[in-house]
Amino acid sequence: MKAAIIGVTGYGGIELLRLLTNHPTIDVHSVHTSSQTGMKLSEVYPHVTNLVNHSLEEIDIPKIANEVDVVFLSTPSGVSTTIVPELLKENVKIIDLSGDYRLKNPSAYEQWYKKPSALQADLDKATYGLPEWNKEEIKSSSFISNPGCYPTATVLGLAPLVKHKLIDEKSIVIDAKSGISGAGKSPSRTTHFSESNDNFSIYKVNQHQHIPEIEQVIQGWDDSIPYVTFSTHLVPMTRGIMSTMYINRAVETLTMDQLYELYKESYQDAPFVRIREKGAFPATKEVYGTNYCDIGLALDERTNRITIVSVIDNLVKGAAGQAIQNANIMLGLEENTGLHYVPLFP
């Protein structure tokens with residue numbers, strides 16, 4: 001099967017290329033960008049020299065759709081809304097890594113992303129691509145909106161408790177940290193080396209664009225949950241997200257053994273979710289370069305509070321890896337095809 005990557009020069013795009021280069025079924029047919037057209041990809045990213053021979057092509061939608069089976073969009077927010085409507089007219093499968101089609105409420109997108117929303121008709125065509133909880137819909141879809149990195153780590157951590165309504169619905173507090181690559185390739189003051197090195201900072205307090213995405217997903221399972229408190233921090237490392245969630249039990253008879261068994265059972269058929277043994281907690285380095293989400297659990301009898309620790313690689317399970325997992329399901333392949341990577345350690 002042939003694939004095109006639009007937006008290959010960003011971190012998510014080049015990670016897609018890395019993973020797809022070793023995919024046994026999906027071949028990268030072409031790579032596209034709105035800038036640097038005509039350059040060899042190896043001129044932009046020298047690490048692919050002698051490994052990838054593609055040149056950067058312009059974004060010609062009819063030509064792309066005529067040549068490939070699936071198109072991956074790894075573009076900045078606001079760009080997909082100009083490309084997807086044209087792709088939808090063609091007989092091609094679409095996986096969008098941007099946030100443009102995640103929120104089903106156009107006004108919510110405009111409020112949180114500060115950009116014009118896609119048309120409601122196009123929003124309704126997009127399937128939210130969280131494979132662990134939405135696999136059947138992904139199988140029958142031709143247009144996937146890939147979840148955000150923070151929502152992936154957070155929602156996978158919360159899902160079993162939320163779906164079984166075992167928590168106090170107003171108690172969800174999420175304390176999340178990300179590596180610098182989560183901010184994208186374009187430099188800014190906060191990602192400048194002298195600003196981020198040897199530093200630890202909080203940002204977008206109560207204003208992060210992933211808040212409505214997290215709420216949309218969990219409210220779909222339990223509409224009694226009115227909101228979440230979500231704080232994000234920048235950590236001086238390249239990759240990785242740790243999402244630590246604090247919630248109160250709604251059912252005080254829930255024990256640590258029951259909590260652990262609930263998570264083990266919930267993810268027993270999920271090849272990329274690993275539940276740590278009782279008393280053990282994951283670190284970001286333990287999923288580095290892979291599509292795994294590792295989860296650790298704790299129950300404090302004294303405070304009645306559950307702590308969930310979820311870690312992912314933001315560029316893989318939080319972006320390119322999950323996009324390929326979605327493509328595998330959509331194309332009728334085993335969902336872990338081409339994603340058999342042992343984490344890079346140390």
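Predicted model: local features only at pLDDT ≥ 70, side-chain atom pairs only at ≥ 80, totals over all residues.
## The parallel sheet

Strands β1 and β2 belong to an open sheet of 7 strands, in which the pairing is parallel and the order is β3-β2-β1-β4-β5-β7-β6. At the edges of this sheet are β3 (56-57) and β6 (127-128), each of which pairs on one side only.

The backbone of Gln36 has a positive phi of about 65°, although Gln36 is not a glycine.

## The mixed sheet

Another open sheet of 7 strands has mixed pairing, and its strands follow the order β9-β10-β8-β11-β14-β13-β12. Strands β9 (201-203) and β12 (273-275) stand at the edges with a single partner strand each, so one side of each is left without a neighbour in the sheet. From one strand to the next, the twist averages 25°.

Within this sheet, strand β8 (residues 173-178) and strand β10 (residues 229-234) run parallel and are joined by 6 bridges.

## Helix α1 against helix α12

Helix α1, which spans residues 11-21, packs with helix α12, which spans residues 316-330, at an angle of about 45°, and their axes are 9 Å apart. The two helices are therefore oblique to each other, and α1 passes α12 in a right-handed crossing.

Which residues in α1 and α12 meet? On the α1 side they are Gly12, Glu15, Leu16, Arg18, Leu19 and Leu20, and on the α12 side they are Val316, Ala320, Gly321, Ala323 and Ile324. Sorted by class, the residues of the contact of α1 with α12 comprise 7 nonpolar, 2 polar and 2 charged.

## Helix α8 against helix α11

How do the axes of helix α8 and helix α11 cross? The axes of α8 (residues 149-163) and α11 (residues 256-266) come within 10 Å and cross at roughly 110°. Because angles of 65 to 115 degrees count as roughly perpendicular, this is the description that applies to α8 and α11. The crossing in which α8 passes α11 is right-handed.

From α8, the residues that make the contact are Leu156, Gly157, Leu158, Pro160 and Leu161, while α11 brings Leu259, Leu262, Tyr263 and Ser266. The contact of α8 with α11 has 7 nonpolar and 2 polar residues, with no charged residues.

## Aromatic rings and a cis bond

A search of the whole structure finds 6 aromatic pairs. One of them is formed by Tyr109 and Tyr113, whose rings are stacked, at 4.5 Å centre to centre and with 15° between the planes. Both of these tyrosines lie in helix α5, residues 106-113, where Tyr109 and Tyr113 are 4 residues apart, about one turn of the helix.

Where is Pro346 found? Pro346 is in the segment after α12, and a cis peptide bond, with omega of about 5°, joins Phe345 and Pro346.

Key
Residues numbered from 1 in each chain as written. Heavy atoms only, no water. Pairing = 2+ DSSP bridges. Axes fitted to C-alpha atoms, helices over the stretch in contact; angles between N-to-C directions. Parallel < 35°, antiparallel > 145°, perpendicular 65-115°, else oblique. Left-handed = near helix turned anticlockwise from the far one by under 90°. Contact = heavy atoms within 4.5 Å. Nonpolar A, V, L, I, M, F, W, Y, C, P; charged D, E, K, R; others polar. Phe/Tyr/Trp six-rings, centres within 6.5 Å; stacked < 30°, edge-to-face > 60°.
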